[in-house]
Amino acid sequence: MDVARPTGSDCVKDSRGVAVADFNGDGRLDMVINNNNETPTLYLNNLKQSGNAVELKLVGAGVGDKPGLRSTRDALGARVLLTAGGKIMTRQVEAGSGYASESMHPLHFGLGGADHIEAVEITWPSGLVQRIEGEELKALVGVNRLVTIEEGRGLPGDLVKACPLVRPATLAVAGRRGGDGSMH
């Protein structure tokens, strides 16, 4: 079954890579396709009802910054287990997530109708495991937020920094709208 054409995402160009990120800063994942010898095709997710979400930006302690911690600042290789709505989801911070493309580094968790996060467990490349749960987590994280978590920070106020997930766009999109609804 072809679902691309009805959704307007049937790019017929000679494409080489795809990246997924929140390009327009609205909290929903968008997609850009790298086209060979042509401008990229940007598909913005404009769904009216997309459910709740949270994005986790992990910051490693940095090699040599703190004794015993060896994770790089971009936390490559860190693994996160997030529990929300009784479901456990797993994400890992990766580099080179696709051919000729790179997706965003904050980890995006679609929560659907869940209105809070029950637990977050991070296994850092250094081997350190951090777990945040219960009322402490509710007070610090919430949903529809971009949350920065730093490795090895002991105090709850220092451990988590949160800001609204819906944030001003940081990418100016210039170009023309194609017949398929995509930006060129």
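Is Ile149 buried or exposed, and at what relative accessibility? Ile149 counts as buried, at 1% relative accessibility, where buried means under 20% relative accessible area, exposed over 50% and partly exposed in between, with a 1.4 Å probe and protein chains only. Here are some notes on the rest.

This is a predicted model, in which local features need pLDDT of at least 70 and side-chain atom pairs count only at pLDDT 80 or more, while totals for chains, interfaces and linings use all residues. Residues are numbered from 1 along each chain as its sequence is written, and side-chain values use heavy atoms, with hydrogens and water left out.

1. **Around Ile149.** Ile149 belongs to strand E10 (residues 145–150); helices (H or I, at least four residues) and strands (E, at least two) are DSSP runs, numbered from the N terminus. E10 is mostly covered, with five of its six residues buried. The C-alpha atom of Ile149 is separated by 9.9 Å from that of Gln130, and the two residues are 19 apart along the chain.

2. **The partner of E10.** Strand E4 (residues 52–59) runs parallel to E10, and six bridges join them; two strands pair if DSSP finds at least two bridges between them.

3. **The four-stranded sheet.** This open sheet has the order E6-E5-E8-E9, and its pairing is antiparallel. Strand E6 (87–92) and strand E9 (129–133) stand at the edges with a single partner strand each, so one side of each has no neighbour in the sheet. From one strand to the next the twist averages 15°, using axes that are lines fitted to C-alpha atoms (for helices over the stretch in contact) and angles that run from 0 to 180 degrees between N-to-C directions.

4. **Pairing on both sides of E8.** Strand E5 (residues 79–84) and strand E8 (residues 119–123) run antiparallel and are joined by five bridges, and Leu81 has Glu121 in E8 as its bridge partner. E8 and E9 also pair in the antiparallel sense, over five bridges, with Thr123 opposite Val129 in E9. The hairpin of E8 and E9 has five residues between the strands, and Gly127 takes a positive phi near 100° there.

5. Side chains of opposite charge can pair when their charged atoms come close. The structure holds four salt bridges, each a side-chain nitrogen of Lys or Arg within 4 Å of a carboxyl oxygen of Asp or Glu. Arg131 meets Glu121 in one of them (3.3 Å, N to O). That pair links distant parts of the chain, with Arg131 in strand E9 and Glu121 in strand E8, ten residues apart. Arg131 also meets Glu133 in a salt bridge (3.3 Å, N to O), and Glu121, Arg131 and Glu133 are linked in a network.

6. **The three-stranded sheet.** E1-E2-E3 is the order of this open sheet, with antiparallel pairing. Strand E1 (15–21) and strand E3 (41–43) stand at the edges, each with a single partner strand, so one side of each lacks a neighbour in the sheet. Strand E2 (residues 30–35) and E3 pair over three bridges, and Val32 stands opposite Leu42 in E3.

7. The side chains of Glu38 and Lys13 meet at 3.7 Å, N to O. Glu38 lies in the loop between E2 and E3 and Lys13 in the loop between helix H1 (4–7) and E1, so the pair ties together parts that are 25 residues apart in sequence. Glu38 is partly exposed, at a relative accessible area of 42%, and Lys13 is partly exposed at 23%.
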